[in-house]
Structure formats: structure tokens, C-alpha cells
Amino acid sequence: MHVTVTGADGLLGSNLVRLLLARGHAVRVMIHPSSKSRTLDGLAISRHYGDVLQPETLSDPFSGTDVVIHAAASTSVWPSRSEFVRRINVEGTRNVIDACLKDTVSRLIYVGSASSVNAQPRAGDRFPFPGARFGLDYIDSKFEAFGLVMDAVNKRGLPAIAILPTFMIGPYDSLPGAGKMILALARGKLKVYSKGGRNFIYVGDVATAIANSLDMGQVGRYYITGNENLTYREFFRKAAEVLGVPRPRIAVPSWLVKTAGLAGSLSGKITGKEPLLSYPMARISCEKQFVESREAIREIGLPQTDISLAIHECYQWFLENKYL
């Protein structure tokens with residue numbers, strides 16, 4: 001099968017491309033011209049350079065392909081409100097949808113975020129979806145892009161499904177993104193933790209679910225791809241055991257975390273530099289964002305690898321690539 005992957009040089013894309021090749025698929029990747037990632041070097045892939053905000057650059061990588069996996073996105077959370085993030089995630093997805101319909105691909109697999117659907121609405125909540133209360137354009141834009149895909153399925157006949165990962169950990173985290181917590185722990189810079197938690201998953205499991213979705217899963221459905229619901233205390237205990245370092249032992253009260261976030265956001269606005277902790281991220285870190293993934297396990301074969309392996313592979317990749 002001919003498969004095109006946007007955002008192929010990111011954490012998920014780098015793992016996914018390798019899996020697709022191992023399964024015998026012909027893989028095209030679309031990479032932004034400004035990318036400096038080396039995670040795809042040496043792979044037997046067809047490279048195309050383009051920008052989801054420039055529709056004309058989608059023609060070559062999409063033409064004649066069977067499946068498009070749209071994983072390109074901006075995951076930036078600073079500044080909290082960013083027109084650039086919104087354009088990449090919303091307008092970029094709209095362009096991908098249009099290109100898929102024009103080139104009549106057999107399936108679009110949209111990679112979104114579990115934050116779009118992963119919490120129950122609160123009684124009397126004035127927000128259109130639970131994640132909107134945090135005031136982050138990253139979360140809001142992924143929700144809007146997810147809506148565009150589902151709307152195109154219903155109104156334009158787009159043959160699409162949505163994969164909505166939780167917090168992914170694993171190798172090839174070149175930015176780094178999720179691996180920042182592991183790097184901080186390994187460097188001895190993490191002494192405290194907040195009282196919240198989230199759902200963690202091995203990036204290889206998400207890649208497997210996506211690869212399975214080339215011919216599994218129902219058009220018009222979304223699948224939350226997650227695994228272990230862990231408090232930060234539990235996660236850092238696991239990570240410290242894998243890394244062989246002391247675990248953080250001080251639980252910071254939520255009011256203090258949020259106060260630090262307020263100070264960080266204010267400092268960022270004054271200095272123009274990204275703070276270590278913004279107010280929206282402080283609020284998120286104080287909540288337990290737990291989910292379940294029964295449908296993804298049942299319908300697209302989502303594996304459930306122990307998160308300790310994900311931490312180990314992430315850490316080893318950082319060591320091998322001299323991040324530590």
C-alpha cells in the first residue's frame with residue numbers, strides 16, 4: 001500500500017514510518033522545509049518538502065497515494081493564544097482534507113489529541129468542550145481541526161477516521177517534547193511534583209494502532225489511544241526506577257502551582273521569553289486527566305505496553321544521541 005505521512009519527522013511520525021516500512025508499505029513523507037530533524041535519515045522513503053499552509057505543496061505527496069496519515073501539527077503551548085498555532089492546526093487540516101478529496105485517497109487518518117474528548121462536561125459549563133476552559137490555542141485548535149474532519153466525513157463523504165493519542169513517550173523525541181520530563185529527572189532538576197495526573201502511552205503502541213487503521217476501524221469514528229492512568233507521583237516513581245535516580249518527593253499544593261503559573265505567564269508577557277510554567281499548564285498539571293481506550297483496543301488492535309518500557313527507550317535514545 002502507498003502511504004503518505006505528514007509531520008513524519010516528529011516523535012510519532014518517526015516511529016510510525018519505521019513500522020510502516022517494516023510492514024512492507026511504500027512510504028512517502030511530507031516534511032516542512034525548515035525541519036532540522038535527523039530522525040528519518042537513512043530510511044527507504046520518498047521525501048517531499050512542503051507546508052500544510054501551502055495547498056499547492058500537497059499535490060505531489062498526495063497524488064496517487066492510498067492512505068494519508070495527517071500527523072503534522074504545532075504542539076506549542078506558548079504563547080497560550082497563538083494565531084500561528086491555530087493556522088497550522090486548523091487551516092492546515094482543512095487544506096489536507098481538501099487535498100484528500102481532490103486526489104480521492106481511500107482513507108485519511110487524522111491524528112488529533114485526546115484532549116478534544118477526554119473529559120466529561122461539567123454541569124453548567126460555558127465552554128464548548130471540556131479542554132476549552134484551559135485557554136490554550138493548542139487544545140482549542142486540535143478540537144476545531146477534529147471537528148473539521150468529522151464534518152467532512154458527514155457532509156463531503158471524506159473516508160476518514162481520527163486517532164486521538166494521550167501523552168506519548170518513546171524514542172526519536174528530537175525536539176524534545178514529552179521527553180522533557182525524563183530529561184529533567186535524569187539531570188536531577190526535578191524535585192517536586194503536582195497532585196494531578198494524566199494518561200500515558202508508549203508511542204510505539206500509537207504507531208501500531210495507526211498502522212492497523214490502514215484497513216481497520218470504522219470511517220467516521222474516533223479512537224482514543226491511551227494506556228496507563230497515572231498520577232505524577234506514580235509516573236515519576238516509575239521513571240526514577242528506570243533511570244536509577246532519586247524520585248521527586250515533595251507534592252506541591254495546587255494553589256502554589258497555579259500561583260507559580262500566574263507568575264510565569266506574567267514574566268513571559270513582560271520578557272517575551274517562554275516561562276518554565278505558564279498558568280494554563282499549571283492548571284492542567286493540577287488535574288487528573290484520565291481516560292480509557294477500550295474501543296481502540298477492540299477495533300484497531302491498540303497494544304498496551306508497560307509505560308516503563310516507553311521511559312526506558314526514550315531515555316536510551318537521549319543517551320545515544322547525546323542529549324545527556
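Trainee: Which residues of the largest nonpolar core touch the most other members?

Mentor: In this predicted model, the largest nonpolar core has 33 residues, of which Val5, Leu20, Ile69 and Ile210 touch the most other members. Helix α6 gives the largest share of this core, six residues, while β1, α1, β2, β4, β5, β6, α6 and α10 each supply at least two.

Trainee: What makes this set a nonpolar core?

Mentor: A nonpolar core requires buried residues of the nonpolar kinds, joined through side-chain atoms within 4.5 Å, and buried means under 20% relative accessible area. Val5, Leu20, Ile69 and Ile210 belong to the core, so each of them has to meet these conditions.

Trainee: With which residues is Ile210 in contact, leaving aside its neighbours within four places in sequence?

Mentor: Ile210 is in contact with Leu12, Leu16, Ile69, Ile109, Val111 and Ile163, and the word contact applies because heavy atoms lie within 4.5 Å. Helix α6, residues 203–212, lies across β4, β5, β6 and β10, running at about 170° to β6.

Trainee: Why are β3 and β10 called edge strands?

Mentor: The open sheet has seven strands in the order β3-β2-β1-β4-β5-β6-β10, with parallel pairing, and β3 (46–49) and β10 (222–225) each pair on one side only. Neighbouring strands of this sheet are turned by 20° against each other on average, direction ignored.

Trainee: How do you know that β2 and β3 pair?

Mentor: Pairing asks for at least two bridges between the strands, and β2 (residues 26–31) and β3 have four, in the parallel sense; therefore the two strands count as paired. Within this pairing, Val29 stands opposite Arg47 in β3.

Conventions: Residues are numbered from 1 along each chain as its sequence is written. This is a predicted model: local features need pLDDT of at least 70, side-chain atom pairs count only at pLDDT 80 or more; totals for chains, interfaces and linings use all residues. Side-chain values use heavy atoms; hydrogens and water are left out. Axes are lines fitted to C-alpha atoms, for helices over the stretch in contact, and angles run from 0 to 180 degrees between N-to-C directions. Buried means under 20% relative accessible area, exposed over 50%, partly exposed in between (1.4 Å probe, protein chains only).
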